[in-house]
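Subject: A structure for you to explore

Hello,

Here is the structure I promised you, together with its sequence. Please open it beside this email and follow along as you read.

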Amino acid sequence: MTALLIIVVLALFFDFVNGFHDAPNSIATVVATKVLTPLQAVIWAAVFNFVAYFIAKFVIGEFGIADTVSKIVETSMIAHPSRVIIAGLIAAIFWNLLTWKLGIPSSSSHTLIGGLAGAAYMSSGLKSIHMGVVGIIALFIFVAPLIGFIAGNIITIITMHIVKNMRPVKADIYFKRLQLLSSALLSIGHGLNDSQKVMGIIAAALIAATALNPDIHPFLRMSNMADMHDWIPLACFFAISAGTLCGGWKIMKTMGNKITKIHPFEGFSVQTASAITLFITEVLHVPVSTTHVISGSIMGVGSVKRLSAVRWGITRNLMTAWILTIPVSALIGALAFWILNAFENF
């Protein structure tokens, strides 16, 4: 029971950290174009992060990404699954806080996956990792920003054609209004994607605990994802919304204007392309990095003007961080498990 409580607390704390680490990426463009102040933007994003719960629950009718994440680790092949999950969460929180401190927009999703995989490998070897699931998620490190890049290109070209005869000042007024809609859609997409990752972790822990102790308290009993308790998604969506309210201004600065100069027209295109990409991955049940998606969209929009409009030096640094996230997190997760395993009674 103690281990489960620690897992739930750490998972929700990770979700909170994810909120101030990742969510600012979804509002960086709306702040950079001065459509909203930073305070207005984080409140706007937080509200729609939580609105995503109602969409998942009552419109989509399932939590597909949570189901995918719950299958990353084969808990039935691990002697102490709670230690593996706790070690993975510790690794993910550590890497998220470090990259936040350094102002690097890395992936919360992939640090969580890397931490869990590293801890599971240290515990029981490759047999404890569902390599098919991890492989698909790893593939989308490249696929997700590519979809965002292509979507950003297409939306920008179409929109430029629609407004080609409109005065720039008038166009800016329209796009500033449209950015409120596109940023709301993007925040919904972010909430749908990122909150479900933590739901999957908590669900995996409860399913493993129930298998070991069928008489566990009904509040915690879960045999499969269909038994998901309402408190789990509610807590996860609330935690990420609360994290969003706490900001993350260093990362927002990088995502706002350092990759390419953003105006209302580009801001609308970036947010719309990113939202579409996140909705596509929601349908596919693949957890992706919101950071990767938005970065790809910004590059795609910027490249329409000219390739030199994208600051490729910063882009290379971002991509290096993306590629390193899973292996570095895996090493940290393995180390965390080794330390926890020293406490035999934990």
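There are 9 aromatic pairs here, where a pair means that ring centres of Phe, Tyr or Trp (its six-membered ring) lie within 6.5 Å, with planes under 30 degrees apart called stacked, over 60 edge-to-face and the rest tilted. Before we look at them, please note that this is a predicted model, in which local features need pLDDT of at least 70 and side-chain atom pairs count only at pLDDT 80 or more, while totals for chains, interfaces and linings use all residues. Residues are numbered from 1 along each chain as its sequence is written, and side-chain values use heavy atoms, leaving out hydrogens and water.

One of the pairs is Tyr-53 with Phe-237: their ring centres are 5.7 Å apart and their planes stand at 65°, so this pair is edge-to-face. Tyr-53 belongs to helix H2 and Phe-237 to helix H8 (residues 231-245), so the pair ties together parts that are 184 residues apart in sequence. (Helices are DSSP runs of H or I with at least four residues, numbered from the N terminus.) Are these two residues buried or exposed? Both Tyr-53 and Phe-237 are buried, and buried means under 20% relative accessible area, exposed over 50% and partly exposed in between, using a 1.4 Å probe and protein chains only.

Another pair is Phe-54 with Phe-58, whose ring centres are 6.4 Å apart with planes at 15°, so this one is stacked. These two residues are 4 apart in helix H2, which separates them by about one helical turn. An α-helix has 3.6 residues a turn, so residues three or four places apart point the same way. Phe-54 is partly exposed, because its relative accessibility is 39%, and Phe-58 is exposed at 59%. Phe-50, Tyr-53, Phe-54, Phe-58 and Phe-237 form one aromatic cluster.

H2 runs over residues 38-60, has 23 residues and reaches 31 Å from its first C-alpha to its last, close to the 33 Å expected at 1.5 Å a residue; the expected span is 1.5 Å times one less than the number of residues. Its buried residues include Ala-45, Phe-48, Asn-49 and Tyr-53. After H2 comes Gly-61, with a positive phi near 85°. H8 has 15 residues and spans 21 Å between its first and last C-alpha, close to the expected 21 Å. Among the buried residues of H8 are Trp-231, Cys-236, Phe-237 and Ile-240.

On a 1 Å grid over the protein atoms alone, a cavity is a set of points where a 1.4 Å probe fits but cannot get out, a pocket is an open set with protein on both sides within 12 Å along at least five of seven lines, and lining residues have an atom within 4 Å of a point. Points are joined across faces, edges and corners, and the volume is the space filled by probe spheres set on them.

The largest cavity holds about 60 Å³, and its lining includes Val-69, Ile-72, Leu-116 and Ile-201. Helix H3 (64-70) and helix H7 (168-212) are the elements that give two or more residues to that lining. The second largest cavity has about 40 Å³, and Val-69, Ile-72, Leu-116 and Ile-201 are among its lining residues too. Helix H5 (108-124) gives the most to this second lining, with 4 residues.

The largest pocket contains about 270 Å³ of space. It is lined by 15 residues, of which Met-1, Ala-3, Leu-4, Ala-209 and Leu-212 are the closest to its centre. H7 gives the most to the pocket lining, with 4 residues, and helix H1 (2-32) and H4 each supply at least two.

Lastly, have a look at Asn-96, which sits in helix H4 (residues 81-102). Asn-96 counts as buried because its relative accessibility is 0%. Apart from neighbours within four places in sequence, Asn-96 is in contact (heavy atoms within 4.5 Å) with Phe-14, Val-17, Asn-18, His-21, Ser-108 and Thr-111.

Happy exploring!
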